[in-house]
Amino acid sequence: MNRTVPALATVGPPRLLAGLDETAWMDRDAHLAVHGPAPGLDVGELAGLAEEIGLRGRGGAGFLFARKLRAVATALHRKGSSAAVVVNGSEGEPGCLKDTALLLYAPHLVLDGAVLAAKALGAQRVAVGVTRPDVERSVNRAIAERGSSEPRADVTLLPERFVTGESSALVRGIDGGPALPSGRRIRTSESGLGGSPTLLSNTETFAQLAVAARLGAAGYGACGLPTEPGTVMLTVAGTHVVETPTGVPLTYILDLCRTAPGQGVLVGGYHGGWLPAQAARSATVSRDSLAAAGGVLGAGAVLPLPETTCPVGEVVRTARWLAAQSAGQCGPCALGLPSLTDALADAADGGGQRALDAARARMAAVERRGACAHPDGTARFVASALTVFTDEFAAHALGHGCARPTLGALPLPEGPAVHTSVSPARADGSARPPAEQLLVDWTLCRGHGLCADLLPGLLRLGADGYPERAVMPLPARMRGRALRAVRRCPALALRIAAAG
């Protein structure tokens, strides 16, 4: 994926982007001249500060930073081990560039926040995960400038794909394994980098922490809403990075970036939600306001849809890319998302109410069943689009369409989508096993349905009681269950074969 350095703008009192529009890269001296030295705070003081300003993760989930910090401290006390701090700078969201802007222009501010947390926890390592070579160079240059007196810091270049930013995928990648979700429901605060309790948060979160530590809670809250003090960073239309106090009208931000609500605005990125144009005109930049309008702040992506493009085509195109970003580790994602996209495309091509009903059914089938949050987030994106663009989808399904081309207004990587169903190699460097498929022999199948009970998510039965597909990619982690299904099939209609 080739993404250019974003344009920068500031709204209201400048904070995080102070001076970024005047210099290409803030070295250590320039950084200290703008922000001053970072203070030292213990865990209690740091958690108290984060709690007082309501600091939440800025990568999408919005988890309270103070709660995460205290969870790591509690795990350390219980386990008696060392801690680690991880900065998530992967930013696999195509509509987001704010973290890239920070790491390219002001990496010292991000490192200040991470080091501040590491010292409070007694952590010996600060690890930064990124996906762009230019960002890796920028962070390495900043680390070199800081010398060796602080906790050891390092940066790891990871594959650029949507699921790399999932917490367990990021930790596995930095640890030398495949940057894919583990599927384990264990928080990194309990077991993260190298098995140690790990404080993991987004790039902007650590930058905000560094600013708040210098200003104090009162100074930090001098701008923004009393209920959501301070500023947030947004990426508008995939090209402009803006820092704004909370509470500013969303339309003001769009005007600043020379755009408008158009047919609607996608907020929170591709796992976020659509705002109808009228709702976008009345919304402000705050979690509460966006949530009341049906959206989420998420990773800070603001993507207006121009009047000149086809909303149905844009949604189908984006859903297809999201389906291709599957880690291939569970049926709801590897099979369910492509099936959902196929139903959407069928509706867009005049498939009638049947196609729309199929899309909604397949959307419901993937929810809360994935090994990570990717199926849920993709289903949320589609559900929101079907709600906001109800009339457009209905017209397309009936064969009327809108006569507008699909212009690609929602930013996606250039070139073909990257399929990640098979990891490049095992963590120990050995060759990966060959990809496999589960095959159904229709000449033998009698529709007993036992296979679907043994392989939920991978193999689904149609309305007639027979498997919906004859050929299904078989994730390596499901091979054992697939073998049981093959052995127990009463009609001997199942077998496993090499892909291709």
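## The three-stranded sheet

In this predicted model, three strands make an open sheet. Their order is E12-E11-E13, and the pairing is antiparallel. Strand E12 (471–474) and strand E13 (494–498) are the edge strands. Each of these two pairs on one side only. On average, neighbouring strands of the sheet are turned by 30 degrees against each other, direction ignored.

Strand E11 covers residues 436–440. Five bridges join E11 to E13 in the antiparallel sense. Leucine 439 has arginine 495, in E13, as its bridge partner.

## A helix across the sheet

Helix H19 spans residues 479–488. H19 lies across E11, E12 and E13. Relative to E13, helix H19 runs at about 135 degrees.

The model has 13 salt bridges. One of them joins the side chains of arginine 70 and glutamate 51, at 3.3 Å from N to O.

How accessible are the two partners, arginine 70 and glutamate 51? Arginine 70 is partly exposed, with a relative accessible area of 34%. Glutamate 51 is exposed, with a relative accessible area of 51%; the cut-off for exposed is over 50%.

Arginine 58 and glutamate 204 meet through their side chains in a salt bridge of 2.8 Å, N to O. This pair links distant parts of the chain, 146 residues apart. Arginine 58 is in the loop between H2 and H3, while glutamate 204 is in helix H8 (residues 203–220).

## A pair within a network

A salt bridge also connects the side chains of arginine 146 and aspartate 112, at 2.8 Å from N to O. Arginine 146 belongs to helix H6 (residues 133–146) and aspartate 112 to helix H5 (residues 107–121), so the contact ties together parts that are 34 residues apart in sequence. Both arginine 146 and aspartate 112 are buried.

Which residues are joined with this pair into one network? Salt bridges with shared partners connect Arg28, Asp112, Arg146 and Arg214.

Definitions and conventions. Residues numbered from 1 in each chain as written. Predicted model: local features only at pLDDT ≥ 70, side-chain atom pairs only at ≥ 80, totals over all residues. Heavy atoms only, no water. Salt bridge = Lys/Arg side-chain N within 4 Å of Asp/Glu carboxyl O. Buried < 20%, exposed > 50% of the residue type's maximum accessible area, 1.4 Å probe, protein only. Helix = DSSP H or I, 4+ residues; strand = E, 2+ residues; numbered from the N terminus. Pairing = 2+ DSSP bridges. Axes fitted to C-alpha atoms, helices over the stretch in contact; angles between N-to-C directions. Contact = heavy atoms within 4.5 Å.
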